[in-house]
Amino acid sequence: MNEPESNVAPPKGEPHGFQDLSGTNVGDIVFKTVLILGALLIPVLLGFLVWELVDGSRLAIQEYGLGFLTSSTWDPVAEEFGALPLIFGTLLSSLLALLIAVPLSLGVAVFLTEFAPARIRSPIAFLLELLAAIPSVVYGLWGIFVLIPFLRATIFPFLQGTLGFLPFFSGPIYGPSMLAAAVILAIMVMPYIMSVSREVLLAVPASQREAAIALGATRWEAVTTAVIPSARSGIIGAIILGLGRALGETMAVTMVIGNTHELAASLFAPGYTMAAVVANEFTEASTDIHFAALTYVALALFVVTLAVNAFARLLVWRVTQKASGSGGGR
Amino acid sequence: MSDRPRVEAQNLTASYHGKPAIREVSLSFQANQVHALIGPSGCGKSTFLRTINRMHELTPGATVEGSVLVDGKDIYTSGINPMHLRRHVGMVFQKPTPFPTMSIFDNVAAGLKILPRSERPLAEVVEEALRGAALWDEVKDRLNKSALSLSGGQQQRLCIARTLAPGPTVILLDEPTSALDPTATQRIEELLYKLKSKYTIVIVTHNMQQAARLSDTTSFFYLGELIEHADTKSLFTTPQKERTEAYVTGKFG
């Protein structure tokens, strides 16, 4: 109060002093430090995670080496462990899920952005995004009580009747199966793929649609010639997001896949995934080698997820490179 | 030579959600001339342009009353397929709108691929369209490059080539140079001047000098009404209506 503000009126005869402009902003420094620490935390955590996984699985790595990834025996009593059926199960269930979910999600996204009456666009998009909020254990229960009985009674016999000559659709029908897991996963990843693709399609400028229509294109041709190509890299990004979710999903999958360490060509046969086996057997592992084998599976899951994501990102990068003029442009 | 106009609007009213954007416009354009539509923003000149290729009706809530005749045929009767109409009445927009994922060649061919029934080889039609748009010499060695590698002015000429490729008779341009620099603008103007020997050109412009330089007839719109339509020279030198005079002399706008 009694200290006068020194720089309100500069003293007579003196020029405006630059000392008035100096000084540091403490808040800025604190903020910056906090942000840097936060950003550093992520790679550090990742490093710890990898180290922990490698350390925990050291016993199994020494015992089985890389052969662990190609062996299909899983016998905790005889202390024989191999992860091939698990890797196979994780990749196959996710791939099948994408095969089901991608066309459906893209269809919904295109319908909602291009064809649906304006009044129903937002409500439907909102409902679909709500699907993402359902806990996976609820999906699992729904899978056990609704989806599996339905698949076993109608879809599976139909597939076997029409396509039974293919090995994928032969063999006995139990209910819990690779295909049931794929269907559950498809339903779970659809909201992600749908809502991201929808936003990407919405971001395509209206002028692109108009340009195609002015050339004599129908609404549908405008979508296929102008809208979807412009949104291509974003759509692939949406699919990657869905894939990442499918690869790591644990609870719903383990509730419907049948949890059997077997390599089967038939999609009606039960299977297992890496995430599911770790969740199921971790609490029951009584020997050190069993424990180490499960950690080794977790490490493999980590590497597989990382590799798939890296590959997918490479794909997006190549597509966008192509789109923005193969070099030489200005 | 028939003196039937190529494009003729009769008592045309176009509305958005029941609110007319243009009222009772009757106007005709002769073939092989450049026709300019001028007027302050929101006067309805773009709406009028979009009724000629039935782009107006794509806006939700848009309706049209009255008729538009193209080569004597009413394009608002039920037998007309708007997709086919738009091949005869091409349109170029304010901002260049090349398809960003396509090469230069594919951009020009885009309209042809939608309806693949041309007997002529695609490459021939594309070359002709690019020559027509005065772009061939600049791009002939890089037809497979992305359309985005072109400058803004080149992109707009690419869009003109894309519009020429399906073989229209009428070309509508909605302020085609307002996003371009003066040099690129001049090239487009020279191009349009050349194109009128083969096409009927209707251009919306904010720029009165452009209308005066380029067009054979000029129509002045104000608040949704056609105030005056005349030879460009007489409209700018001896306008009949006070409003027109006030606008062309820059008293408002």
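Colleague: Before we count anything, what are helices and strands here?
Modeller: Helices (H or I, at least four residues) and strands (E, at least two) are DSSP runs, numbered from the N terminus. By that rule chain B has 10 helices and 10 strands.

Colleague: And what sort of model is this?
Modeller: It is a predicted model, in which local features need pLDDT of at least 70, side-chain atom pairs count only at pLDDT 80 or more, and totals for chains, interfaces and linings use all residues. Residues are numbered from 1 along each chain as its sequence is written, while chains are lettered from A and ligands numbered from 1 in the order in which they are written.

Colleague: How compact is chain B?
Modeller: Its radius of gyration (taken over C-alpha atoms) is 18 Å, close to the 18 Å that the globule rule gives for 253 residues, so chain B is as compact as a globular protein of that length. The globule rule is 2.2 Å times the number of residues to the power 0.38. Along its principal axes, the C-alpha trace of chain B spans about 55 × 45 × 40 Å.

Colleague: What share of chain B is buried?
Modeller: Buried residues are 47% of the 253 in chain B. A residue is buried if 20 or more other C-beta atoms lie within 10 Å of its own, exposed if 12 or fewer, and partly exposed in between, with C-beta atoms placed from the backbone.

Colleague: Where does β8(B) fall, then?
Modeller: Strand β8 (residues 200-204) of chain B is mostly covered, with 5 of its 5 residues buried. Thr200(B), Val202(B) and Val204(B) point one way, and Ile201(B) and Ile203(B) the other way.

Colleague: Which strands pair with β8(B)?
Modeller: Two strands pair if DSSP finds at least two bridges between them. Strand β3 (residues 34-38) of chain B runs parallel to β8(B), joined by 4 bridges, and His35(B) has Val202(B) as its bridge partner. Strand β7 (residues 170-174) of chain B also pairs with β8(B) in the parallel sense, over 5 bridges. There, Leu173(B) stands opposite Ile203(B).

Colleague: Which helix goes with β7(B) and β8(B)?
Modeller: Helix α7 (residues 182-195) of chain B makes a right-handed β-α-β unit with them. Right-handed means that, with the strands pointing away from the viewer, the path from the first strand over the helix to the second runs clockwise.

Colleague: What about the antiparallel sheet in chain B?
Modeller: That is an open sheet of 4 strands in the order β2-β1-β4-β5. Its edge strands are β2 (19-29) and β5 (73-74) of chain B, each pairing on one side only. Strand β1 (residues 7-16) of chain B pairs with β2(B) over 7 bridges, and Tyr16(B) has Lys19(B) as its bridge partner.

Colleague: New topic: how many residues of chain B are in contact with chain A?
Modeller: 26 residues of chain B are in contact with 24 of chain A, where contact means that C-beta atoms, placed from the backbone, lie within 7 Å. On chain B's side, α2 (82-88), β6 (89-92) and α3 (104-114) each supply at least two residues. Of the elements there, α2(B) gives the most, with 4 residues.

Key: Two residues are in contact if their C-beta atoms, placed from the backbone, lie within 7 Å.
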